[in-house]
Amino acid sequence: MIAHRKKIELTRDEATAALTGGKVAGAFLEQLGQTDLAQLSRVEWAEFCERLTRGYLEDLQRQADAQVPF
């Protein structure tokens with residue numbers, strides 16, 4: 001049995017941050033000379049995930065800082 005769930009829509013800021021996280025993680029793959037995620041070692045996979053997440057979160061923080069007037 002498959003449960004059907006409504007797709008979670010990202011806000012504009014979240015979508016922008018997701019792209020930024022992807023760029024950061026993509027740069028890491030370029031640094032490795034790798035495009036096939038299945039070929040990453042466990043250490044490389046963990047680093048890829050961390051960079052993706054950190055890029056996303058840092059961009060959300062940057063956006064929030066730019067929007068808060070104090």
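Q: How do the axes of helix α1 and helix α2 cross?
A: Axes are lines fitted to C-alpha atoms, for helices over the stretch in contact, and angles run from 0 to 180 degrees between N-to-C directions. Here α1 (residues 12-32) and α2 (residues 42-67) have axes that come within 7 Å and cross at roughly 145°. Helices are DSSP runs (H or I, at least four residues), numbered from the N terminus. Before going on: this is a predicted model, where local features need pLDDT of at least 70 and side-chain atom pairs count only at pLDDT 80 or more, while totals for chains, interfaces and linings use all residues. Residues are numbered from 1 along each chain as its sequence is written, and side-chain values use heavy atoms, leaving out hydrogens and water.

Q: Which residues make up the largest nonpolar core?
A: In soluble globular proteins, nonpolar side chains tend to be buried together. A nonpolar core is a set of buried Ala, Val, Leu, Ile, Met, Phe, Trp, Tyr and Cys residues joined through side-chain atoms within 4.5 Å. Buried means under 20% relative accessible area, exposed over 50%, and partly exposed in between (1.4 Å probe, protein chains only). In this model the largest core has 5 residues: A25, F28, L29, L40 and F48. Its largest share, 3 residues, comes from α1. Setting aside residues up to four places away in sequence, F48 touches A25, F28, L29, L37 and L40, a contact being heavy atoms within 4.5 Å.

Q: How many salt bridges does the structure hold?
A: Side chains of opposite charge can pair when their charged atoms come close. The cut-off: a side-chain nitrogen of Lys or Arg within 4 Å of a carboxyl oxygen of Asp or Glu. The structure holds 4. Among them is E47 with R51, at 2.6 Å between the closest N and O atoms. These two are 4 residues apart in α2, so about one helical turn separates them.

Q: Is D59, which pairs with R62, buried or exposed?
A: D59 is buried, at 6% relative accessibility, whereas R62 is partly exposed at 49%. Their side chains meet at 3.0 Å, N to O.
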